[in-house]
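Morning, everyone. Let's walk through one model together, pockets and core. Please have a look at it first.

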Amino acid sequence: MIEIDNVLKVIDHLNRHLRGYYVLGGSWVLYFYRFKYPNFRYALRTLDIDFVFSLYVKSKKIKFNLQVALENLGFFPEIVGTATGYSYATFKGENIDIEFIIEEPAGYKERILKLDNLNIDATPLPFVSDLLEDIIYINVKGTEIPLPSPERFHIHKWIVAQRRQSYVKKQNDLIQGLEVLKICNANKIQELTQNLKRKRRTLYQKSKEEIKGLELY
C-alpha cells in the first residue's frame, strides 16, 4: 500500500524537526515491533495511525507547515467543529487516517490544542506522557520509527483500558497489553509497576485482575 510509504515520509519530516519529542501510538506500535522482535506478530485491526507529541512540541522554536506536507502526501484535514473553534487534529487518506495526540496540560479541558509552529492541532489526552518516557527506534526502509518501549506500552494499555467507555475498546486495550507482555523484560515491568504513582497503579492493577478473570494471564 503506497500510503504506508507516505506515512514513513511523514515520520521522516517529523524526525527532522521533533526527534525525541514524539512517538507512534495505537495498534501500529504492535505492527512495527515485529521489525525488532521477529517472533512477535499482531494482526492490525485498524489502519488509523496515532502520533503522540510531548507537550514541549507546542513551545519548540520551529516553523514547519506540517499540514501542507500532509496534503502533499494525500492526507487532508478532517475539519471538526468544537466549542472553541475548529479542529485539524485528524488527517484522512484513502485508506489510512492520521491523528495527532498530545500530553494533556494540567487543568486543560478543551478538546483541541493548537500547534501554531506546525500548523496543525492535537487532541490532549491523559497518561500519554508515559509513552514518551522510554523511546526506542526501529529502522524500516531507512526510516527511524520512534516507538514506546514494550514495557511502557504494556503499562499504558492496561492503565487506559480502565478509562474506556466502550466495552470493545477496553477489551482491545487489555488484549494488546497482554500480547505485548510476550516481548517485555520481566524485571523492567516489575520495576516500572512498583514505581507507578497511586492513580496509575490502581488502574493498572484493575486491568491485571480483569485479565486474570478472563483466564488469559
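Start with the largest pocket: its volume is about 1000 Å³. A pocket here is found on a 1 Å grid over the protein atoms alone; it is an open set of points where a 1.4 Å probe fits, with protein on both sides within 12 Å along at least five of seven lines, and lining residues have an atom within 4 Å of a point. Points are joined across faces, edges and corners, and the volume is the space filled by probe spheres set on them.

Which residues are closest to the centre? Of the 32 lining residues, they are Asp 50, Ile 101, Leu 125, Arg 164 and Lys 169. Elements giving two or more residues to this lining are β2 (49–53), β5 (97–103), β7 (120–125), α4 (150–160) and α5 (167–180). Helices (H or I, at least four residues) and strands (E, at least two) are DSSP runs, numbered from the N terminus. Helix α5 gives the most, with five residues. The lining splits into eleven nonpolar, eleven polar and ten charged residues. Nonpolar means Ala, Val, Leu, Ile, Met, Phe, Trp, Tyr, Cys and Pro; charged means Asp, Glu, Lys and Arg; the others, Gly among them, are polar.

A word on the source. This is a predicted model: local features need pLDDT of at least 70, side-chain atom pairs count only at pLDDT 80 or more, and totals for chains, interfaces and linings use all residues. Residues are numbered from 1 along each chain as its sequence is written, and side-chain values use heavy atoms, with hydrogens and water left out.

Stay on α5. Asp 173 lies in this helix. Asp 173 counts as buried because its relative accessibility is 1%; buried means under 20% relative accessible area, exposed over 50%, partly exposed in between (1.4 Å probe, protein chains only). Its side chain makes a polar contact with the side chain of Arg 164, at 2.6 Å. That term means N or O atoms within 3.5 Å; within protein, one must be able to donate a hydrogen and the other to accept it, and residues adjacent in sequence count only if both atoms are side-chain atoms.

Next, the second largest pocket, at about 200 Å³. Its lining includes Asp 130, His 156 and Arg 200. Helix α4 gives the most, with four residues.

Last, the largest nonpolar core. Of its 65 residues, Phe 51, Phe 53 and Phe 100 are among those touching the most other members. Such a core is a set of buried Ala, Val, Leu, Ile, Met, Phe, Trp, Tyr and Cys residues joined through side-chain atoms within 4.5 Å.
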